[in-house]
Every structure is written in C-alpha cells, then in structure tokens.
Amino acid sequence: MVEEILRVEGISKSFGAIKALSDVSLILHKGELLAIIGDNGAGKSTLLKIIAGVYSPDSGKIFLEKKEVKFKSPMDARKAGIEMVFQDFMLCPDLNVTQNVFLGREIVSGEFLNYKLMKKILKEKLKDLKFDIPSIEKKVRFLSGGQQQMVAILRTLMFDPKVLLLDEPTANLSAGASEQVMNFVKQLIKTKMIGGIYVAHDLNAIIRYSDRILVMRSGRIIAEKMPEETNPVELVRLMRL
Amino acid sequence: MARNTFYSRLLTTIKEKYASIDELKSLTGFIGILILAAVVTPQFYLPQNITMLLGQVSVIAIAALGEAFVILSGSIDLSVGSIIGLANVVAAILIAQYNFSPYMALFSVMTIGGIIGLTNGIFVTKLRIPSFVVTLGTLTVVRGIAYIISGGLNIPVYNEEFLRLNEVLYGVPIIFWIYLIALVILTLFFEKTRLGLYVRATGSNELAVRNLGVDNSGVKNLAFVFSGVCSAIAGYVLGVRLGAGYPHSGLGYELDVIAAVVVGGVALTGGTGSLIATAIGAFIMTSILNIMVLAGIGGFMQYVVRGIILLVAALAMRRAGVFVK
C-alpha cells in the first residue's frame, strides 16, 4: 500500500452567507495524481487554496505526512512543502526566469541577492528535470504561454515539494503545450514520489492523466471514480445530478 | 540566402537585447538631445552651463528616485511637489529661526517626509484607496501646512554652512554630489536586495507576489516612505539653491518628477524600469528646458514642448510594449 502524503479532514469554509465547502475530507498518496472535478462554484479552487494556505478553513484539519499542519499564509504552506500552480501562471512578467523561480525564496549573501548561486542551482535543476527553457536571463513576458507555465511549475519544484496543487494549469495553453505540461507533471509525480492534486474542466485530460477522480458538487465530495472505470458522460452526469 | 538569415538573426538578437535593457531606450533619447544641443545651441556645452545644469537637475532627479520606487511598485505619488515645498520651508525655519545645524535640519525634514510617505502608504495598502486619490489629497494638505507654518511668507537663510552646499566641488555642485550618493545607495538597494526585487515584482504582478507569501503591502509602504524621504531631500536641496524657504516652492513639480520617471522608461503600470533610467529621464527633461532657454524659446512655448516630449516618450514605450501587461 502506497503511503499517504496528505490528508484533509472535515474542512468547511464559508464566505459570508455562502457555504463554499462542507465537511470535505480526502487522502492523497505519494506518487498519485488526484483529480478534483466539479461545476463552477463546486468548491474545487477553494479547497486547493485552503490546502495552499491562501484561505484559512472555518473548521477541519490538514495532515501532511501524518502530522497536523496549520497555515497562516501561503509562505507557511510553501515552507512545509506544498506548492501551487495557478491557471494564470502567477508570474511576474517583468522579472526574468531566475528571479521568478526564486521569488519569495531568494538566496542572499549578507544583505545582497546572490544571483550567481541562484543561476547555478537553477541550471543544475533544469538539467536534472530535463527542462527546456530558452534562457534563464530572459524576462518572462518574452516567453510563450507554455514556457511561462513551465516556469511556474519549475518554481514549485525548486525546493523539492511534497505536494503539488494544480489549479487548471493548462486552461490558458494550446493543445500541444497542455500535453507537454501534463506529461511532465505526471512523470515528475511518479519519479519523485510526490503527491499531486489536479483541478481542471477538461474531462478527457482528467481521465488521461489522473490516477483517481473526486467529484465535487455544492461544496461536498459526492463521488470517487477510477479513470479506467469511467467516461466523460458519466462524470458530467455526476457533476450535475 | 544563408547570409540574409544570419543578418536577420543578428538583427533580432540586437532588437531583443535592446528591448531587455531598460536604460538603452532613454539613453538613445538623451544622446539625440545632446546632438540637438550641439547643432542648435553649442553654448549648452560651456562648463558654466554644464555646472548650472547639474545643479538644476539635482532637485527633480532626487525626487524622481523616490517616485520611481512608487511607480515601479505599481502606484503613483502626486504629493512629491508639496513635500518638496514643505521640506524647503521647514528646513529654512529650523535653521533660521531655531538655530538647527543644517544636518539636523536635513534629518528632521527627511523624518517628516518619511512620515508623510508612510501615511500615503497606509491609506493605499490598509484602507485600499487608489494611490492617485490618496496622494492628490496629501498634495493639498501638505501644501496647506507649508503655507500655514510659514504664514505664506518667504524665510531667508543666512547660515553659511547651509549656503556652502551650493558651492562647487571638483567642478560639480555639492548638491549634485548629494544626488549621486543617493543614486548609488538606492540603485544598490533596488538592484541587489530582496526588497528592491519585491518592489519590481509587486508592480509587475501584485497578486502573484501576495500568493507567494511576500508582504506586498509592506513593500508598497516602503516605496512611499522612500518617495517621501527623497522629496524631502529634494526640498532641502532646493532651499540650498534658493538660499531661502518659499512656501510655494515645488509647486507643480510632481508633474516634472513623474515626467522624468516616465521619459526614463519606467512604465506607469509598474514593474519595468530602473533608477539609472530615471536619472537619464531627469537629465532629458532638464536638458530640454536648458536648451530652450539658451535658444530663446519663451516660457509658454516651453510647456508645449515638454508636454510633446512626454507624449513622444509614452508613444515610444507603447511601441516597445511597456504598457502591455
């Protein structure tokens, strides 16, 4: 049995009168890519943002490697090893690749940024991951959409994360770039034995890439499916029942 | 054919390099102005004129350093002209009426400028009011305070130590040396430290910076404090040049300061630009003014020309994609 890496227990969250999540629980295993699907407003992104420390839950617990964790900010979650990839990349277009990758976790010598060391580490990581970026000195605004999302993913991988949260990572990408990004993520999760949670609307991609699928509706998880045992028609039916 | 491909690649590489170095665009413009000066008004290059130009540029350039921080972080500070006026008046009062040493007076006005900057920052980050509106308010309040504490009167300063700062050292006005020191320190901070990087990052994509756990409100507050402090130093330096405190000094300077920053290539949308480019922008704006005076162009026409230069710079930035996010 593969070891669990993340466990969410009874998470609830309301925004004013709107109940976004009601008693949500899930388990994520090492080397597993878990997909969460649901219509708009089902609570998928809220759940990811709670795990990533962007929102605090009203109630419920999060366990990382069987130890309870409480995040007051995204930085707390990042320090614990939970990284998130966003639909709109969340990069700074006017900074170069190196600056974006290390943003929030820069390496300093005394008071000054040590770009030399950051570049060296980044080059080694690129080699290790067989990553293709035109230049680490290039401003991100000059990269294609696919390359920008790869930089965003690269940023999450620099500090050996335990859990990778992917919030519609390919929504703004072409078909070719989407395939490249997802193949890379899938392979990475398997080889590095990290856990991945993947939220997307493309049901064919969900079935193709994920190891397990959770269906959410009105802030609750209402079904669990294995990709080889389901199809888009059934998933749509479950989402809209 | 192969040769054509080689040249087209070379051209693309040069274009990319040119676009990626923030200072090059404004430097090209400045070189153009220097050539224009050589043709239209050769007296521009007389040593006395250069020394005077360096003195003139100091006030706007010091304030532009702080304004650049604010604009790079994605906000704007319209209160710089009023802070210049208040600092000018306060420094004069402290030295002339309270016998403060020039250095204590400088420290005092820097503190006042920092507090005004922090107030701007808190209104923007905590109360979530757009910086344009907040600093439009402080522009009026601070100018009013300058008039109230001076009683609307000019305050002459006869302190020799203070007036000595208007002298020339190694052919360069001492106030320009003050600017150079500020430029070096702030450039080091901006280019080499974490906080400097966060200023640019916040202006480039504030939401991303926040999601990565960086305290973007703190970064914005810091930028406003820098702007307040720099404007206060600029007001002090203006006092040195004028030998007095004038409550209406610095009136309208916010536009010259913002123009220097924008002409230097800093995008009003934040994130793009540098302090060196801002320095070039300040030189461009002051040199144009100087050339127009030397060429005998009247004051009214000077407004028109400076406005056109700003529009041309904005157009150049639009073409370079600086305004496109």
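Which residue is the bridge partner of A35(A) in β11(A)? The partner is I213(A). The model is a predicted one, in which local features need pLDDT of at least 70 and side-chain atom pairs count only at pLDDT 80 or more, while totals for chains, interfaces and linings use all residues. Residues are numbered from 1 along each chain as its sequence is written, chains are lettered from A and ligands numbered from 1 in the order in which they are written, and side-chain values use heavy atoms, with hydrogens and water left out.

Strand β3 (residues 33–37) of chain A runs parallel to strand β11 (residues 212–217) of chain A, and four bridges join them; helices (H or I, at least four residues) and strands (E, at least two) are DSSP runs, numbered from the N terminus, and two strands pair if DSSP finds at least two bridges between them. Both belong to an open sheet of six strands with mixed pairing, in the order β6-β9-β10-β3-β11-β12 (chain A). At its edges are β6 and β12 (220–225) of chain A, each of which pairs on one side only.

Turning to the helices, α5 (residues 145–157) of chain A has 13 residues. Eleven of the 13 residues of α5(A) are buried (under 20% relative accessible area, with a 1.4 Å probe and protein chains only), so the helix is largely enclosed by the rest of the structure.

Key:
Expected span 1.5 Å × (residues − 1). Buried < 20%, exposed > 50% of the residue type's maximum accessible area, 1.4 Å probe, protein only.
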